[in-house]
Amino acid sequence: MKMHPLFTLMVVLGIVTGMYSVYNIFPVSMPLIFVASLAGFFIRLNQFIQEKKKQTDAGAAIDFTKLRARQFSFFGDWIKENVRGHDPVTDHVVGHIQQGLAVAAPGQVLGAFLLPGPTGTGKTFLAEIVAKALYKESEPVLLSMSQYKAAQDVFTLIGPPPGYQGYEIGGALTRPVLENPYRVVILDEFEKAHQDVQHCFYDILDNAQCYEKSSGKKVYFGACVFFATCNCGVDALRKIWQGTPDPALRTGRAREAMAREGFERPLLARFTDILLMDQLSPVEIAEVACLQIAKHWRQYGIEVEYTSPEVLVEAIRRNIEFQDYGVRQLAGLIREITTPSIEEARRTGSTRVRLELDKNTGEVMVSL
Ligand SMILES: Nc1ncnc2c1ncn2[C@@H]1O[C@H](COP(=O)(O)OP(=O)(O)OP(=O)(O)O)[C@@H](O)[C@H]1O
Ligand SMILES: [Mg+2]
C-alpha cells in the first residue's frame, strides 16, 4: 500500500516521540532519530515524485480542453509562404487539423495524411513546416520507413520486449511520444515498411493508442498528427486528379489506386486524406529558389533585398538537368552560383544585398 510522504513522516515522528516519553531514550539519540526519519521522508517524497512523473510520461497529461481551444488556421498563410506550389494541399491539411483540434478527444488522432508524389516536391518539408507551426516547442518524430523493411523491425518502432537488446531505450515511435505527446509524426517512404510494421498503425490511427512493448506503458497519440509520404502511384493519381474534381470521389479513387500499389485497404481507410504533391512548375521552382537563396545568405548574417529574375532563371536552367529530382538539387546549385558573391559581400562588410547576374561572365554579383 502506498502512503503519502507526510503521513509517513507523521508516523515516524509519532513513534519517536512515543518512545521518548515511554522509555525515556537518552536525549542525545533524538537528533539521530530525527535525521533518519527526515531522510526516510525525502526518500519517500522522491519515490512519490517519480511515480507522478511516470503517470505524466504515460501521456495521461494531454490537455484536450487546451487542444480544442487551439486556432491553427492562422498558420495557413505562413505554411504557404514556406511550402510553394501546393496551396490546395496545404489548405486541406490545415483545414483538417483545425477540425481535428476542434473535436480533440482521447481515442482519436488529430489527423492522418498520406502524401504521395515524385521525389523532391516538398512532402517531408510540408510535414516539418506543419510541425513547426503546430508544436513549435517539440521536434517532430521523423521515421525513415525504409529502415523498417523486416518484420522484426516492429520492435524498433514500439520497443523490444523486456530483456531483449535495447529494450531500455524503448521504441523509436513510442518513446518520444511518451516523453511528450504533442508531436507530429512523419513516416517517410511509408511504402517501404514491412506489412507487419504497417499493421502497427491500424490500432494507432484507429484508437490513438498502443503499448510500448519494452516498458508496458500505454502510449497516447491523441495530440498527434501523422504524415506518411511515398513515391508510388503517382501516374495513376495524376489521371485521377485530372478527371475527378469531386474531392470525396477523388479520395475514394485515390485509395483504390494506392491499394493497387500494395497498401492494404483497411490501412488506407484510416488516413483522413490522400493528397498528391506533384512536380512543381518552373515558376514555383523559381519561388523555391528565391526562398533558398534568402535562407542560404541569412546563415551568413546577410539579408537579400532583391534577386534579379536572371539569377532565378539561371537557377532553374541549371535545375532542368536534375528535374527528375524535383528541387532536391536546387539548394546545392544555389550554393554553387552564389558562394563567390557571399565572399565578396563579407569582405565589404555588407549586411543587405541585391543579387544580379553578370551577363558577360554568367556569375552572380552583388550590388550594394
Ligand atoms: N514545394 C516546396 N516549397 C519549398 N521548398 C521545397 C519544396 N519542395 C522541396 N523543397 C525544398 O527541398 C528540400 C527537399 O524536399 P523534401 O524533403 O520535402 O522532398 P520530398 O518530396 O519529401 O522528396 P522524397 O520523396 O525524395 O522524400 C526541402 O527541405 C525544401 O528545402
Ligand atoms: Mg521525403
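A crossing of two helices is called right-handed if the near helix is turned clockwise from the far one by less than a right angle, and left-handed if the turn is anticlockwise. In the predicted model described here, this term applies to the crossing of α13 and α14, which is right-handed.

The protein chain contains 15 helices and 10 strands. Of its 368 residues, 34% are buried. Among contacts with a separation of 6 or more, 73% are between residues 24 or more positions apart.

Because five of the five residues of β3 (residues 184-188) are buried, the strand is largely enclosed by the rest of the structure. Strands of a sheet pair through backbone hydrogen bonds, in either a parallel or an antiparallel arrangement. Strand β2 (residues 141-144) runs parallel to β3 and is joined to it by four bridges; L143 has L187 of β3 as its bridge partner. Pairing of β3 with strand β6 (residues 225-230) is also parallel and comprises four bridges. Here V185 is placed opposite F226 of β6.

Most residues other than glycine have a negative phi. E189, which is not a glycine, has a positive phi of about 55°. This residue is located in the loop between β3 and α9 (195-207). E189 counts as buried because it has 20 C-beta neighbours inside 10 Å, and 20 is the number from which a residue is classed as buried. A208, likewise a residue other than glycine, has a positive phi near 60°. Its position is in the loop between α9 and β4 (209-211). With 25 C-beta neighbours inside 10 Å, A208 is therefore also counted as buried.

Another part of the model contains an open sheet of three strands, in the order β8-β9-β10 and with mixed pairing. The edges are formed by β8 (303-307) and β10 (364-367); each has a single partner strand, so one side of each is left without a neighbour in the sheet. On average, and with direction ignored, neighbouring strands are turned by 35° against each other. Strand β9 (residues 352-357) is parallel to β8, with four bridges between the two. Within this pairing, E303 has R352 of β9 as its bridge partner.

Helices lie across this sheet. Helix α13 lies across β8 and β9 and runs at about 150° to β8. Helix α15 (residues 330-347) lies across β9 and β10, at about 30° to β10.

A pair of packed helices is described by the angle between their axes and the distance between the axes. For α13 (residues 282-298) and α14 (residues 309-320), the axes come within 9 Å and cross at roughly 115°. The two helices are therefore roughly perpendicular, and their crossing is right-handed. On the α13 side the contact is made by P282, I285, A286, A289 and C290, and on the α14 side by L312, A315, I316 and N319. Eight residues of this contact are nonpolar and one is polar, while none is charged.

Helix α14 also packs against α15, at an angle of about 125° and with the axes 10 Å apart. The class of roughly perpendicular pairs ends at 115 degrees and that of roughly antiparallel pairs begins over 145, and α14 and α15 are therefore oblique to each other. This crossing is right-handed. The contact is made by E314, A315, R318 and N319 of α14 together with L330, L333, I334 and I337 of α15. By class, the contact of α14 with α15 consists of five nonpolar residues, one polar residue and two charged residues.

Technical notes. Residues numbered from 1 in each chain as written. Chains lettered and ligands numbered in written order. Predicted model: local features only at pLDDT ≥ 70, side-chain atom pairs only at ≥ 80, totals over all residues. Buried ≥ 20, exposed ≤ 12 C-beta atoms within 10 Å, placed from the backbone. Contact = placed C-beta atoms within 7 Å. Pairing = 2+ DSSP bridges. Axes fitted to C-alpha atoms, helices over the stretch in contact; angles between N-to-C directions. Parallel < 35°, antiparallel > 145°, perpendicular 65-115°, else oblique. Nonpolar A, V, L, I, M, F, W, Y, C, P; charged D, E, K, R; others polar.
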